[in-house]
Amino acid sequence: MELRIRNLSKTYANGVVALDKVSLTIPTGMFGLLGPNGAGKSTLMRTLATLQECDSGSVFLDDIDVLDEKDEVRRLLGYLPQDFGVYPKVTAYELLDHFAVLKGLTAKGRRREVVDGLLQQTNLFEVRHQKLGAFSGGMRQRFGIAQALLGDPQLIIVDEPTAGLDPQERVRFHNLLSDIGADKTVLLSTHIVSDVADLCANMAIIHKGQVLLSGEPQKLIDDVADKIWARFVTKQELPLFQQHHRVISTRLLMGRTLIHAYAEGDPGHGFEEALATLEDVYFAAITGRHAAHGELP
Ligand SMILES: Nc1ncnc2c1ncn2[C@@H]1O[C@H](COP(=O)(O)OP(=O)(O)OP(=O)(O)O)[C@@H](O)[C@H]1O
């Protein structure tokens, strides 16, 4: 299914503009919504999941008016919130079975089939009789996906699901999501660039409630391909480079400081052209946004 978001805006009572005329078209497959903490991702996710009202704008899931026909959307929606809590004293099987009853799966035999199937799909079947309180972060997130998939949803929204997962668990979780994304619309919010780079056919970068960029990751990388320049600097040199170049990122590499700068042509001063990555796209977008407000030269 296709999700079309047009001019969605939300200002909280304290005056914070969380969404500022957000427009996005999200086709079937995995879509990554990338942005730093506070960008407005959760506000957008909760609005799409019919849990929160916006101020203006429209959202359609194919022909369904998401902001108006909430029951209709809920029948098609699976949602994994950012702060998905579990009851620590019940087992994975018991809780999923309970959620299945709430979803309307009242026939025992069919319910068992569905619950067992989901536990297998999320690789939790072997541990289904363990209490959720003993689950690792990765197991808990996979359980979160299992509950989100109850009722065979066509639209699946997952809000920062990989935060706090170790690398192995992240790979496992990525594989699970990518299987689901094969024929469903999956919207994944994250502040981790590699989540999007690894998984998503389409993406958007959101910052301070605004969509800065959207498109296919490779196309967005191609757009900055000859504009990213790198060099090592000393700690003492760094402020000078930040003053005279559009430095988009600085990071330590084997104890030295590697800077990436954005420039239309060779900036000289010892810079060499770098192979652009999605991380460069992300930092160029985010810092470009600051530049628009005069915070960078
Ligand atoms: N209920 C609320 N009342 C007031 N301000 C809020 C509320 N919820 C969120 N905000 C503010 O709105 C902005 C966007 O928050 P949101 O949680 O949507 O961002 P986010 O991108 O999901 O960030 P995070 O990853 O930290 O959750 C932030 O400045 C946040 O402090």
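Here is a short chat about a predicted model, its ligand, its domains and one of its sheets.

Colleague: Which helix gives the largest share of the shell around the ligand?

Modeller: Let's start with who is there: 13 residues surround the ligand, and the closest are Tyr 12, Asn 37, Lys 41, Ser 42 and Thr 43. The largest share of that shell is three residues, and they sit in residues 41-48. That stretch is helix H1.

Colleague: And how many residues of that shell are polar?

Modeller: Sort the shell by type and you get four nonpolar residues and two charged ones. The polar group is the remaining one, and its count is seven.

Colleague: Which element gives the most to the side of domain 1 that touches domain 2?

Modeller: The chain is assigned domain 1 (3-215) and domain 2 (222-292), with centres 34 Å apart, taken over C-alpha atoms. Their contact takes nine residues from domain 1 and six residues from domain 2. On the domain 1 side, helix H7 (193-199), strand S9 (202-207) and strand S10 (210-215) each give two or more residues. The one that gives the most, with three residues, is H7.

Colleague: What are the edge strands of the open sheet?

Modeller: Four strands make up this open sheet, with antiparallel pairing, in the order S12-S13-S11-S14. An edge strand here pairs on one side only, and that picks out S12 (246-253) and S14 (272-273).

Colleague: Which residue in S14 stands opposite Ala 230?

Modeller: Strand S11 (residues 228-233) runs antiparallel to S14, and two bridges join them. Look across from Ala 230 into S14 and you land on Glu 272.

Conventions
Residues are numbered from 1 along each chain as its sequence is written. This is a predicted model: local features need pLDDT of at least 70, side-chain atom pairs count only at pLDDT 80 or more; totals for chains, interfaces and linings use all residues. A residue is near a molecule or strand if its C-beta atom, placed from the backbone, lies within 6 Å of it. Ala, Val, Leu, Ile, Met, Phe, Trp, Tyr, Cys and Pro count as nonpolar, Asp, Glu, Lys and Arg as charged, and the others, Gly among them, as polar. Domain bounds come from an automatic or database domain assignment. Two residues are in contact if their C-beta atoms, placed from the backbone, lie within 7 Å. Two strands pair if DSSP finds at least two bridges between them.
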